[in-house]
Amino acid sequence: MADQVAVMCEKLVEAVNVMMGAETGHIYRLEALKFCEEFKDTSTFCVPCGLRLADKAQPAVVRHFGLQILEHVIKFRWNNMQQQEKVQLKECAMQLLSTGTLAILEEESHIKDVLSRITVEMIKREWPQHWPDMLKEMEALTSLGEAQTELVMLILLRLAEDVITFQTLPNQRRRDIQQTLTLNMESIVSFMMAILNVNVEDYRKLNGSPGHELQARAHCRVAGATLNTLAGYIDWVSLGKLEERKPFMLLFDDVAIQYILSAAQSADGLAICESSAESKAVEVVERRYVFLKRLCQVLCALGGQLCSLVGSDVEVEVPANLSKYTEAFLAFTTHASQFLKSSTLATWGALFRHETLSKDPVVVEMAIKYLRASMTNLVKTGFPSRNDNPSCRYSRADFDSDEDFNSFFNSFRAQQGEVLRIACRIVPLEAFQIAAEWLQYQIVSPIDTGDTASKTFEGLCSLLSPSVVQWDAMTVFMECVVTQILKNVEEEKLPVDQSMELLQAVLNYNTKDPLLLSCVLTNVSALFPFVKQRPHFLPQILDKAPRSRAVKNVRRHACSSIIKICRDYPQYILPCFDLFYGHVKKLFSSNATLTHMEKCSLMESLVLISNQFKDFEKQKAFLDELMASVVTDWTSDEMRQVLCDPAVFLSFVGADQVVNEQSREAEKAGQNRGRLGFCLYAMLGVVKRARWPADLEEAKAGGFVMGYTAAGAPIYRNPYTAQFLVLLPNLLALISFHVLGNAGLALQQDFYTIENLNEEIAGSAFLSLDNLVLACPQEYYNSLLCPLLGPLFAYMQQRLDAKWQVISQRSSVNDEEEEALCQESQVTQEILEEQLVRLLSREVLDLLKEDMMDSVQAASPAQPTEELTELGKCLLKHENIYMTLLTLSFTSLSWKDTTNCHRTASMVCWTLLRQIHGQHEVCNSTLSQLAMLIYENLRPRYVELRAVMTQIPNISVETLDQYDNRLIDPNAQKLGEKKRKDQFKRLIAGTVGKALCQQFRKEVHIRNLPLLFKQPKPEKDVTSSESSGLEALFSPENKTL
């Protein structure tokens, strides 16, 4: 046998070398692969050959294949092996762990990985019932050296991942292993902490010591693996019961937390080293940086456990060492790495949000420290391409380009803002004091353009200039703080005087730099809520809008800020309305270079304030005056001719001309486009902003209520209605539905009662219909929405179905056709077109759902009448619309879009039995349930459905007859819903396809072992002499019978 094994091993080594050889031809590689796979599946020499090839004297690629053979045997042959064979293989695997590897720094990572997989596969099949001492054996392995300790950590981590994260086991086996891990969790955590402590201490002793560099690196490698495993177990326990998490509170003990704090406080210097003695430059050492990330991950997971346990029913007290933990965590928040900073945000948010911990003095003090740390963290620095900040060297390890970093930092800053707001709730006054100091510092600091000054204007800042990034960060901080102090501090305790001093300083701040001016405007807007205490500041604020052409973008920002102020605090600006209106009229009539968009923004601001008139006639008169020039221009004969004739319209906007900026015609066309844009944006702005009072009594007193519906709801009138009706004919001619959608919301009854409105809209483009449809009163469904939506859905169904047929045909072309398409460079265009079709399909079906389905009931498949809204019921009364919607719903299930299939099947349509999405479990479950609903409801009335079911491949006719009998026979025994679902799923199993990636996959079967925690049922002899109480029920004295 030994000779046969040796011969076979030689063949296997040759085959492996052929497979992995760079010069090997495709056919030879396939033959070698086939030989190896057939050997693993059929040979009786798998175990001896695998062990022989796995010897550490073999090349790494051969060793890896030998270990793969052993893994294959365990996964696919274990159930057929004799007990003695299993024991022998287990002993050989443990021997490989003990002596079968190279030193920790020499061994290949893929060898370690496959060794851990082999051990875990045996654990999954035999532990704890048949391998009760597994944990002790793992602990014994760690005494053999660093290489074995690292392997043990890899084994424990993979076990937790397979059992908990990926759940690759049958339910009973998974429960057995999970329960045993939980019972031993305290000892496992103590075991890992002891290894971590020993290796960290040894690393510190040896690090930097001449002649001990390799040993120090080995201890560092073990510590990193231990941290990784510890983090994995903490994450896993987060999914379990609260009682199961208590062992992790051991990590808050003195020794453990001291090691963590010490490592965290030296984190910044730990991950870097000098790249050369001459230059004194430093670089990030990847393995050390990874260690820091793992340590940060552990701290984050610990914080999550702490927040879950403290204040819960488990009765865990706030740890005495909480201050050490938060100091260690703060060390990562102040680390130079932007990635490490971002990793801490979720845990800080949980601590500051926690009902008990947020009141602890340690956390309150830490909230202030966190706020001060945020002053640095909000500053946008650390671009990989630059060297102007210590963060840059870490960013080069984390990000591929400045674009990647920029995308990350935008998300990072948004998360910081959320945590800042939470911290401000704990210490609002202290937070405002920090913000005030920062703002005052920025105001008195000289402007620093840095080495990235603006290339357009000399002496001005760019987005990366030091002054800009500081002002920008401070502005974000100020906005977060002010919103929270207003919500969490009583009005009499607000720092009004200090805030007014800040506002005055901001208003007095003079700079011509547009980027800094933008930040100044944001600060004015942020501090504006305090103005209600000092109204005399209003004129200065309203006059802050820049007027120079060079700062057009800032002026636009100013207009947006004014809109925001007028939207949020109109009641405070109402006393200054005449002053503001006069200022705007002066700007409009002067030679000020306001753009049309800026004019519209100022008009919107005035309309928002006018809503506070709460007087219909007064507001109507104001709107008539404000929009007079727009009405005149929009309803002129010239404009009517332009909008009604496409050729004239194209000429009017210059679309029929060759672009030449210096020609008089081009200048005229530009002015014409400006006129159109101004009119449209002015109409949209006013129709969006003009409103009646929210309070019914105020609306009645102001003359906004014109009557009541049959149900008693008030019918309001909008002061802009009369003007809008004058503007509507030309608006319909231009087909601008964004304006119409807002008109439906704002004008309501006045808009929906316009004569022949449905023909006018149906004859134009279907855009932005959501508001138009959702705001429509129920009494106008038949007259307006049904004639409007019917043709829309019919057109979209035909158009989308045709597009999806083209996409399906493309996916079934042969290789030659596909090659031809590639040669014609059509692939990119086709991918883009397919994505557009997907998006449009989802938009159409979303519109259908919003129109017809109740949002509360649509989450689960149910009878259509239970999900329909009033509009949905109205639409289905029209047979042609009903058939269109039914066709659209059914047809969309055949489109190759899994997301669309799931949405439609679960929210819109009934079902489709023969479908192509079965390999996706969510769609499979949803479609199966809907198929059962339709079959059970219609089968008693339509015998033809049985013929449809018999066409399913491999269906059991006998089982189908039994299922039908329960449906048709009223006396038949009815099954529960779960059993019916399972039975129906088996009936239609032939309609469910398998994904290509699953078709040739070998199934792994893991047998269940005897139950671990089986509680025997107490046996009780009912015939014993002990009284059960039943005899008293039938005694002659009992009168109840």
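Because the model is predicted, local features require a pLDDT of at least 70 and side-chain atom pairs a pLDDT of 80 or more, while totals for chains, interfaces and linings use all residues. Residues are numbered from 1 along each chain as its sequence is written, and side-chain values use heavy atoms, with hydrogens and water left out.

The secondary structure comprises 53 helices and 4 strands; these are DSSP runs (helices: H or I, at least four residues; strands: E, at least two), numbered from the N terminus. Of the 1041 residues, 47% are buried, that is, under 20% relative accessible area, with exposed meaning over 50% and partly exposed in between (1.4 Å probe, protein chains only). Among contacts (heavy atoms within 4.5 Å) with a separation of 6 or more, 69% join residues 24 or more positions apart.

Helix α15 (residues 322–333) spans 16 Å from its first C-alpha to its last, close to the expected 16 Å, which is 1.5 Å times one less than its number of residues. Of the 12 residues in α15, 9 are buried, including L322, Y325 and F329.

In helix α19 (residues 391–398), the buried residues are S391, C392, Y394 and S395. They lie on the same side of α19 because they cover an arc of only 160° around the axis, taken from the directions from the helix axis to the C-beta atoms.

Helix α43 (residues 827–852) contains L832, which is partly exposed, with a relative accessible area of 47%.
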